[in-house]
Amino acid sequence: MDKTILDKINRFTRRKLSEDEVYVFSVILCDNDIDRDCERFSDSALETLKERFIGKTGIFDHNISTVNQNARIFDTELVTDLSRKTEYGENYRYLKAMAYMVRTDDNKNLIAEIDGGIKKEVSISCSAAKRICSVCGSDKNMASCNHIKGRKYGGKRCHTILEDITDAYEWSFVAVPAQVNAGVTKKYSEADTVKAQAVADISAADDELRRDIRKLAYFTGGRAAADIASLSASKLSTQELIEMRRSLEKQCSNSGTGLQLEYSEAQDGQTEFFSMKQEV
Ligand SMILES: [Zn+2]
């Protein structure tokens, strides 16, 4: 484990924890796309949430016996995925959090579950002081306008932009079956309280990016290039991984159009097979 990670964790602990004592994982807390309630967080709201969620404790509420199974966020990162656009045409951004748990006998099974890549659903609660109408820009907390959420105006779906985050209360973790990919759901518990839920795929996104990078690097320079790319990718943040993949994609698309890579890796992780086929 990177020493800076342990240093960040130890800012929140009563005594210094060692690497063996902690379990570190990542979750996606929320993003900037329009959710099924026709609402989204503004960029500045995401920036505020990024600050506010550091140090916040999350709970695992799928089981009553998991009282001791809590985790704390020790770092957050706003990730821009330039390969994906939001419904309203901006770059897709999401708030990623790094969390830790102190390893105990009680949470052994839970850690094994997370390690096993079982998808988790995260819900967050926060307050937004402003709810901006996407059509006319009026603050719905101050005065209502005539625009209806979900209805199209000039071809664009009317939605509410959540802004001016005044507080972030909690995040919680619920186990969901892997095949349920519900996306973002959100509920109000009070007039000014927002509960957002996002599917958090534990570290799987980073792993997938690393696989893509290895694959693309292999295409540009063979096994040696793939090995070098894997080595550098192992130390990169999600944002950096996305950028690296994009630059490799660019290199690949310059060297041929419509090429589709086929890649497979043997069980031992040593042998890999690549083949190219021309798309027709
Ligand atoms: Zn309006």
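Predicted model: local features only at pLDDT ≥ 70, side-chain atom pairs only at ≥ 80, totals over all residues.
I began with Leu 29, which is buried, its relative accessible area being 0%. I placed Leu 29 in strand β1, residues 22-31.

**Zinc site**

I next listed the donors of the zinc ion. They are the SG atoms of Cys 133, Cys 136 and Cys 145 together with ND1 of His 147, at 2.1 to 2.3 Å. I checked the geometry: the four donor atoms subtend angles of 107 to 112° around the ion, and the arrangement is therefore tetrahedral. For that label all angles must lie between 85 and 135 degrees. I noted the spacing of the donor residues in sequence as C-x2-C-x8-C-x1-H. The pair Cys 133 and His 147, 14 residues apart, links distant parts of the chain. Cys 133 belongs to strand β6 (residues 120-133), whereas His 147 sits in the loop between β6 and β7 (152-153).

Cys 133 counts as buried because its relative accessibility is 1%. His 147, at 23%, counts as partly exposed. The cut-off that matters here is 20%, under which a residue is called buried.

**Asp 33**

Where does Asp 33 lie? I located Asp 33 in the loop between β1 and β2 (39-41). I searched for a charge partner and recorded that Asp 33 is buried yet has no salt bridge. Arg 84 carries the nearest side chain of opposite charge, 4.3 Å away, and a salt bridge would require a separation within 4 Å. I did find that the side chain of Asp 33 reaches the backbone nitrogen of Glu 87 at 2.9 Å.

**Asp 164**

My last entry concerns a backbone angle. Most residues other than glycine have a negative phi. Asp 164 is not a glycine, yet its phi is positive, at about 60°. I assigned Asp 164 to strand β9, residues 160-175. With a relative accessible area of 40%, Asp 164 is partly exposed.

Notes
Residues numbered from 1 in each chain as written. Heavy atoms only, no water. Donors = N, O, S within 2.8 Å, 3.2 Å for Na, K, Ca; no water. Tetrahedral: all angles 85-135°; square planar, octahedral: opposite > 155°, others 65-115°. Helix = DSSP H or I, 4+ residues; strand = E, 2+ residues; numbered from the N terminus. Buried < 20%, exposed > 50% of the residue type's maximum accessible area, 1.4 Å probe, protein only. Lys, Arg positive; Asp, Glu negative; His and termini not counted. Polar contact = N/O pair within 3.5 Å; in protein donor to acceptor, adjacent residues only side chain to side chain.
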